[in-house]
Amino acid sequence: MAGRCALRGALGARCPSRWPRGWRLSLRPPGARLAHAGAAAQLQQEYDAVVIGAGHNGLVAAAYLQRAGLRTAVLERRHVLGGAAVTEEIVPGFKFSRASYLLSLLRPQIYADLELQRHGLRVLPRDPYSFTPLLEDRSPPRSLLLGHDMAQTQQQIAQFSQKDAQAYPEYEAFMGRMVLALDPLLDAPPVDTAALGKGSLPQQLRNLQTLKPLLQAGLALGRQLPHYYEVLTAPISKILDHWFESEPLKATLATDAVIGAMASPHTPGSGYVLLHHVMGELEGRRGAWGYVAGGMGALSHAIAQAATARGAHIFADKAVCHVLLGRAGEARGVVLQDGTEVRSKLVLSNASPQITFLELIPQEQLPKDFVQRIRQLDTRSPVTKINVAVDRLPSFLAAPNAHDGQALPHHQCSIHLNCEGTQLLHQAFTEAAQGHPSSRPMIELCIPSVLDPGLAPPGCHVVSLFTQYTPSVLAGGRCWDEQARNAYADTVFDCIEDYAPGFKASVIGRDVLTPPDLERIFGLPGGVEHLPWRDVSGPAVLCPASTILLWLPVPNSWPVPVWKWSPPWRRSDGSSRTQCCPGGYQGFQAALMKLVKLTSPTQGCDSSMPYWCHAEPCPSTTCFSSTSGQQHLLRAGCRLAGSPVLPAATVTLSRWLLPA
């Protein structure tokens, strides 16, 4: 049959209809080899800066630090760079974005400053971008296809409700105004409310300046501010009920409010997650999410190239055992698992707060209440990621394939299954909250090989299944074992089979990653994408805590130039217009380390002005600060990442901490 994968015939008897479940091949991808080629032949004993972990956030930090003239080394535990933004060949011939799988929210400044396009980054936009087939007692069943053509999108919505079709442009405009108002906050530190009334009068005036971006956002939202505040704090079901009446449309939009979060559409604050997806941006197009040519590892590879081209040293297979502390408790470098010591004036941790403060730093060096807060971070993940190799495209009852088996427009989309209504999503959440994997899980199915054929052999495809809800720990305290893992994967495949008969027969191999697997492999606490998810039903100031800065004070209190004659130094997660400067404290204070406050100049500031990381005499405080308005950059733009930048990995790629 045309369009069928040539792999089965090529492998003959060696390629059964299904590889052993959970089977995977561990290979060193090209990115890891290239990183070594671009790095020093031998790890040096001392650097100006050391970054723990080569997630995309850490790589961005390294690129900017090296560009600023600081000799920088990145030390990665795994054999492959990128954290959760990696490409791995799990089934021979199939290259998977094993964790994160979509890109957005890559800040334009980072894209330009690091010349990522010159270093090989190629983004594949999607239009249409969302497809929701339904299970109905009619032939054929209906489906909902959303794209950037508003007229065509309205025609699709009108199948379910003429009223919703008319309301949709207004809804898009409403969300668009919110995005335009809040977008500058992505490049500004969160307001340090505790510092507003402290210090000398000049210091208080400087602290008040941090309110400017927030006030500007409020003015831009105008009289609609209460409605926009509700979007951030109310359940997304309430927001969508205000705008629409058709369940397929509401459920489709609600997926972006709960994806990666242990939350129901009825959970207060779920609209906050939706905002991050609506704020997505891809090469200038608002709200766009796309694939990366070569898989998500190609993004990390491009960032690593940008760093090594400027002289940064990046090493895989270099696991950090703990942070070296001086007599006063200040960070002085790191120790690797093989006992090697690497000294540095600056230590950045791209690991999670849990790993950074509970494993890499001696507990006796930290206040007990601080450690307790780190332990209490909510990192419950609902996500099980399943990577699947198939020998043909799925053919949906609602949109059957053509006879030649070639891809149709909906195959490039995020395909939403079990999304006939928001109540289905809530039911799936409720089951997981009681410790049971969802019997009808929410499934986001993506087929990046439709736009990037090089990911799979001719005629074959790679399928990414981002599924929820699955608890980190099963009912009764049971752990995920191979039987439980395969039972859940079979449930997911049975659901897909209902929508696209023949899918199970097309499967060549699969890789099932439950929350504990995501934590073990990628270092995502609890496997969580948004790190951590929290209820934002009340006012709160959120501080992302990744990457975490472990700062070594320099003797005699002299300022160390971090960024000069160029745009300000950026946080490791890529936040733009963030600088290190003297005066004030922000974030969490931990004993025996010096806390550096990161502030931000006003928008449109003179980028030729020098910015400084001030080194004051070290009292008994440390390291730990990160301050950027939202969890934006790459992790936020790489689903499951982290997220957060997500994260984290997801989340997801970035980690959220409440200010002290």
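This is a predicted model: local features need pLDDT of at least 70, side-chain atom pairs count only at pLDDT 80 or more; totals for chains, interfaces and linings use all residues.

Of its 660 residues, 61% are buried, while the chain exposes about 24100 Å², of which carbon and sulfur atoms supply 54%.

Two packed helices are described by the angle between their axes and by the distance between those axes. For helix α3 (residues 56-67) and helix α13 (residues 297-309), the angle is about 20° and the axes lie 8 Å apart; because angles under 35 degrees count as roughly parallel, α3 and α13 are roughly parallel to each other. In passing α13, α3 makes a left-handed crossing. On the α3 side, the contact is formed by His-56, Leu-59, Val-60, Ala-62, Ala-63 and Gln-66, and on the α13 side by Ser-300, Ile-303, Ala-304 and Ala-307. Sorted by class, the residues of this contact between α3 and α13 comprise seven nonpolar and three polar ones, with no charged residues.

The second pair consists of helix α6 (residues 162-182) and helix α9 (residues 225-233), which pack at an angle of about 90° with their axes 11 Å apart. Since angles of 65 to 115 degrees count as roughly perpendicular, α6 and α9 are therefore roughly perpendicular to each other. Here α6 contributes Phe-174, Met-175, Arg-177 and Met-178 to the contact, whereas α9 contributes His-227, Tyr-228, Val-231 and Leu-232. The residues of the contact of α6 with α9 divide into six nonpolar, one polar and one charged.

How values were computed. Residues are numbered from 1 along each chain as its sequence is written. Side-chain values use heavy atoms; hydrogens and water are left out. Axes are lines fitted to C-alpha atoms, for helices over the stretch in contact, and angles run from 0 to 180 degrees between N-to-C directions. Helices (H or I, at least four residues) and strands (E, at least two) are DSSP runs, numbered from the N terminus. Angles under 35 degrees count as roughly parallel, over 145 as roughly antiparallel, 65 to 115 as roughly perpendicular and the rest as oblique. Contact means heavy atoms within 4.5 Å. Ala, Val, Leu, Ile, Met, Phe, Trp, Tyr, Cys and Pro count as nonpolar, Asp, Glu, Lys and Arg as charged, and the others, Gly among them, as polar. A crossing is left-handed if the near helix is turned anticlockwise from the far one by less than a right angle, and right-handed if clockwise. Buried means under 20% relative accessible area, exposed over 50%, partly exposed in between (1.4 Å probe, protein chains only). Accessible areas come from the Shrake-Rupley method with a 1.4 Å probe; for residues, only the protein chains shown count as cover.
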